[in-house]
Amino acid sequence: MKKLVVLTGAGISAESGIRTFRDSDGLWHDHDIMEVASPEGWRRDPELVLGFYNQRRRDLCEAKPNTAHLALARAEDTLNVHIITQNIDDLHERAGSTKVLHLHGELTKARSTADPSLVYGIEGTELSWGDHCELGSQLRPHIVWFGEAVPAMPEAAEIAQSADVFAVVGSSLVVYPAAALVQYVPYGVPILVVDPKDVAVPSWREITFIRENASTGVPKMLEAIRKLG
Ligand code: APR
């Protein structure tokens with residue numbers, strides 16, 4: 001089976017009602033990244049940070065996978081699909097995708113501030129000050145904040161290097177190291193991008209652009225991949 005590696009960003013979840021970051025109504029237009037998505041912000045006001053992610057968890061509870069998530073899950077019938085997502089939602093998993101690597105963490109999980117290897121599922125939507133791990137230390141969102149390392153990057157680079165086809169769906173490709181994954185794709189491997197806007201892909205390679213929303217663009221992308229033979 002041909003190996004399709006798909007790097008997804010906030011745009012694939014936009015039609016599920018999950019806000020993107022840098023669109024005109026994006027999250028970073030009414031939240032200060034450094035206050036709610038950085039270690040400094042956590043040190044300064046952990047309850048503000050906990051509240052920011054609790055609200056996103058409540059939003060996620062109302063959201064459902066859309067056509068794009070479902071099409072990628074169904075594509076596993078004919079392709080060896082590996083998803084590398086920058087998203088912290090669980091919509092790929094809920095759509096039925098079985099190989100999903102979260103580069104920036106997972107909204108539905110918390111981890112110990114004493115031992116980052118201690119990761120726990122969050123019951124419901126709320127993670128509060130005073131919720132402790134088994135070692136007695138405060139739990140924090142299991143999210144990669146700005147300025148923190150991306151532990152899954154080596155694994156993601158290896159997956160990108162083994163792609164027969166590589167696609168980017170719904171990402172502005174402005175955040176590193178995730179955006180650099182395109183540079184790990186071997187020469188000769190087709191690259192397709194699905195996004196309603198122009199995306200500056202950090203590569204001199206020939207790119208096939210499908211300038212549409214994910215819900216219509218991903219099925220078209222999969223059809224184009226089928227035609228590649
Ligand atoms: N279908 C497909 N793409 C869409 C749609 C849609 N319906 N709506 C918006 N987009 C596109 C936008 O045009 C943009 O290119 O999705 C992209 C969203 O870009 P960002 O908001 O920058 O999101 P993303 O690329 O995932 O951000 C990367 O930045 O803030 C950090 O950790 C956060 O993982 C995030 C990272």
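**Exercise 1: The neighbours of β1**

Task: determine how β1 pairs with β2.

Solution. Strand β1 and strand β2 (residues 80–85) are paired in the parallel sense, over 6 bridges; strands are DSSP runs of E of at least two residues, numbered from the N terminus, and pairing requires at least two DSSP bridges between them. Within this pair, Leu4 is opposite Val81 of β2, and Leu7 is opposite Ile84 of β2. The model is predicted: local features need pLDDT of at least 70 and side-chain atom pairs pLDDT 80 or more, while totals for chains, interfaces and linings use all residues. Residues are numbered from 1 along each chain as its sequence is written, and side-chain values use heavy atoms, without hydrogens and water.

Next, β1 also runs parallel to β7, joined by 5 bridges. There, Leu4 has Val165 as its bridge partner.

**Exercise 2: The sheet**

Task: state the order of the strands in the open sheet, and explain why one side of β3 and of β9 has no neighbour in it.

Solution. The 6 strands follow the order β3-β2-β1-β7-β8-β9, with parallel pairing. Because β3 (100–102) and β9 (207–210) are at the edges and have a single partner strand each, one side of each is left without a neighbour in the sheet.

**Exercise 3: The faces of β1**

Task: decide whether the two faces of β1 are covered or uncovered.

Solution. In a regular strand, side chains alternate between the two faces of the sheet. On one side of β1 are Lys3, Val5 and Leu7, on the other Leu4, Val6 and Thr8, and all are buried, that is, under 20% relative accessible area with a 1.4 Å probe and protein chains only. Both faces are thus covered, and 6 of the 6 residues of β1 are buried.

**Exercise 4: The largest nonpolar core**

Task: identify the residues with the most contacts inside the largest nonpolar core, and the element that gives its largest share.

Solution. This core (buried Ala, Val, Leu, Ile, Met, Phe, Trp, Tyr and Cys joined through side-chain atoms within 4.5 Å) has 28 residues, and Ile84, Leu103, Phe166, Leu173 and Leu181 have the most contacts inside it. Two or more residues come from each of β1 (3–8), α7 (153–161), β7 (165–169) and β8 (191–194). The largest share, 5 residues, is that of α7.

Note on methods: Buried means under 20% relative accessible area, exposed over 50%, partly exposed in between (1.4 Å probe, protein chains only). Helices (H or I, at least four residues) and strands (E, at least two) are DSSP runs, numbered from the N terminus.
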